[in-house]
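Take a walk through this structure, from the whole chain down to single side chains. Keep the sequence and the model side by side as you read.

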Amino acid sequence: MATAAIFSSLRRRRSPSLEAFLAPVDLSDVALVQMLASIAATLVCCFSEKCFFFQRRNSRSLIRKIEVFVVLLEYLKESGSTLPSTVTLCFKELYLLLYRSKILLDYCAESSKLWLLLQNHSISGHFHDLNQEISTLLDVFPMKDVELSDDVREQVELLQKQSRSAKLYIDGNDENLRLRFFSFLDEFENGRIPNPVELSVFFVERLGITDAKSCRGEIEFLEEQIVHHEGDVEPTASVLNGFVAITRYCRFLLFGFEEDEIELGSGNQKKLRKGLITQEIADTFITVPKDFICPISLDLMTDPVIISTGQTYDRSFITRWMEEGHCTCPKTGQMLEHTRLVTNRALRNLIMQWCIAHGIPYDPPETTEASAESFASVPSKAAIQANKATAELLIQQLANGFQGAKTIAAREIRLLAKTGKENRAFIAESGAIPHLRKLLSSTNPVAQENSVTAMLNLSIYEKNKSRIMEEEGCLIAIVEVLRFGLTTEARENAAATLFSLSAVHDYKKRIADEGKAVEALAGLLRVGTPRGKKDAVTALFNLSTHTENCVRMIEAGAVTALVCALGNEGVAEEAAGALALIVRQPVGAEAVGQEEMAIAGLTRMMRCGTPRGKENAVAALLELCRCGGAATTERVLKAPALAGLLQTLLFTGTKRARRKAASLARVFQRSENAFQRSENAASHFGGLGVSRVGLAFEGNSTTNRDSSFANDVSVPMSISVPVL
């Protein structure tokens, strides 16, 4: 069990669990000595011939000390003598020291060269700490109580003497290399690009990083350290980002665009996801840490704020809670002393880092001031300058390189654009978009997927939306990828790109009118993966907020797809929101009313949906009654258990849901009253009945309808698209 925990820890680069350090308590003296002898001998065997690029002297010194313990333990194992309790206690401490030695030696043998260089002081300190603990162990070891041969005793006493006099050792050559690495950072910080010859000497000759694959491994390791970075660890995350940017620049400057670990023509996109922090959230269904979730929305917070009770909420949702007249904390029920909101910068920075770790593009809210603590929102000047230099190399290859080089360049632009407005801005300003557009029509599936995902990441920056839309043929090419993309990921990311672009109102009509864009989105909503359906439904929702797109969406089959999506928990909320907008127009209400499952699906959402889903569902049903005609109104009012659902929503729904439910309840009540009057009239006038629904519909004046349009529908207007 202990061994498994240690190896698991090594893979994660985190501390192992406590049980990894606990010596077994149920072993006899003989079994304990045998186990320790085996562990120590294994360590010597594994690491005595291992080549340590850094910490050579410290590693060899530790291994030699373990060799002395092997001699001691082997002698005691062969003698089979009974051990005093004090010796047994010391050996249990030795068990801990041996496992800590294994962790440290493994770390030095397997870690990134650049990381070991940056941690030179810290790791040297760990070796010194182990040496001190070995010295303490030998000082308390009851040598006189153990029968040892003269040569064994002499070796142990010599080790004890050496351990007492040992001092902290920091390799001078390693330290000079570390300082040289920092000097490159300083040059970029001051706006200068280091001499390529000096970079080559440092990376290739001094560090032995000789190809693109090993350079990529260094980058991935440093990125993982950023993900797990703790605030009091040096260097800071911002500095680490600078080193990642420098190393990425050198990867292309020194090794060109050779095909490293990626088989560019295979289309096997899984190979693109070998990176430690670029796992696709849709494939792994990563669970959002509970501390990052707003207690009101149950979604990932984008702008966490602290209220007077000390609880943290997403700004938009707690603001809405207070605007609804609530004076208590939603989570604790305590009365609020005041309504001031304090930005939780520490948590926001953690959320940013988590989003970056899992490939989710994240931009901090425009209204909040930037935090110097965040490596994502405020990159160092060195990182910006190094990334600019890298972008220039990449765009040159996009323009003039061979097919394989263009594919690699598109992939790297995609990764570079995954965080930071600065990166997205200067990549587009440097002319990447026209070259990416050409790659959208590539017959290489990896090249196409990289280019459309890069386009998506660039579109997150507001100014780039116009650059993409104004680039001749770019929108057509994105729609073609959506329709005929060579991989599922390419089609999904094309849909997400349309969603991102449609955030600008003027572009919604252009997108809807472009080719078969709406048809393709509807098709993806029907048969796509869970992530693909989410991308499609959010894009369709955005398009539905433009009044002139209603007829186009009906013709393209989007209404049918949205109705079918009401039965899919993952996209039902957004589908109901889109339908609520479409039915505000008579032609839309007629189309939705003709869908056999529309009313049943919406009433089911009122019963089982999320708070926002219920709100959207009741809004859609109300608009159906207002705009769908007498027959549709009658179908709505005859829906099973509608009265009970409305009553429940009036007490438990959101403010908007309660308002919509009250309006629909009045329609229901007027219908009941009209029916009762018609029954009475029939008894007086010989059965000349009056239409129950007709009266209700006539009495349902539209003069009280809200003037707002899209604001009547509650759907989160954000999208998380993993960078591949």
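The chain holds 35 helices and three strands. Both are DSSP runs, numbered from the N terminus: helices are H or I with at least four residues, strands are E with at least two. This is a predicted model, where local features need pLDDT of at least 70 and side-chain atom pairs count only at pLDDT 80 or more, while totals for chains, interfaces and linings use all residues. Residues are numbered from 1 along each chain as its sequence is written, and side-chain values use heavy atoms, with hydrogens and water left out.

Start with the whole chain. It has 724 residues, and 53% of them count as buried. Buried means under 20% relative accessible area, exposed means over 50%, and partly exposed lies in between (1.4 Å probe, protein chains only). The chain exposes about 31,500 Å². Carbon and sulfur atoms supply 52% of that area. Accessible areas come from the Shrake-Rupley method with a 1.4 Å probe, and for residues only the protein chains shown count as cover. Now consider contacts, meaning heavy atoms within 4.5 Å. Among contacts with a separation of 6 or more, 72% join residues 24 or more positions apart.

Next, look inside. Which residues of helix H24 are buried? They are Ala517, Val518, Ala520, Leu521, Ala522, Gly523, Leu524 and Leu525. Helix H24 spans residues 517-527, and eight of its 11 residues are buried, so H24 is largely enclosed by the rest of the structure. Its cover includes helix H21 (474-484), helix H22 (488-501) and helix H23 (505-513). Helix H25 (530-544), helix H26 (550-555) and helix H27 (558-565) also cover the buried residues of H24.

Helix H27 is mostly covered too, with six of its eight residues buried. Those residues are Ala558, Val559, Ala561, Leu562, Val563 and Ala565. H24, H25 and H26 are among the helices that cover them. So are helix H28 (572-582), helix H29 (586-593) and helix H30 (598-608).

Turn to charge. Side chains of opposite charge can pair when their charged atoms come close. A salt bridge here is a side-chain nitrogen of Lys or Arg within 4 Å of a carboxyl oxygen of Asp or Glu. By this rule the model has 25 salt bridges.

One of them joins Lys50 and Glu110, at 3.9 Å from N to O. The pair links distant parts of the chain, 60 residues apart. Lys50 sits in the loop between helix H2 (29-47) and helix H3 (56-79), while Glu110 belongs to helix H4 (residues 85-110). Lys50 is partly exposed at 29% relative accessibility. Glu110 is partly exposed as well, at 42%.

Arg178 and Glu175 form another salt bridge, at 2.7 Å from N to O. They stand three residues apart in helix H8 (residues 172-189), so about one helical turn separates them. An α-helix has 3.6 residues a turn, so residues three or four places apart point the same way. Arg178 is buried, with a relative accessible area of 15%. Glu175 is buried at 14%.

A further bridge pairs Glu429 with Arg467, whose closest N and O atoms are 3.9 Å apart. Glu429 lies in helix H17 (residues 421-429) and Arg467 in helix H20 (residues 462-470), so this pair ties together parts 38 residues apart in sequence. Is Glu429 buried or exposed? At 54% relative accessibility, Glu429 counts as exposed. Arg467 is partly exposed, at 28%.

Salt bridges can also be followed through a network. Arg216, Glu223, Arg248, Arg411 and Glu412 are linked in one.

Finally, look at the surface. Asp150, Asp151, Glu154 and Glu157 gather there in a patch of negative charge. Patches are made of residues with over 30% relative accessible area and no salt bridge; like charges are joined within 9 Å, and nonpolar side chains (Val, Leu, Ile, Met, Phe, Trp, Tyr) within 5 Å. Lys and Arg count as positive and Asp and Glu as negative, while His and the chain ends are not counted. The place of a charge is NZ of Lys, CZ of Arg, CG of Asp or CD of Glu. Glu157 is found in helix H7 (residues 150-165). This residue is partly exposed, at 39% relative accessibility.
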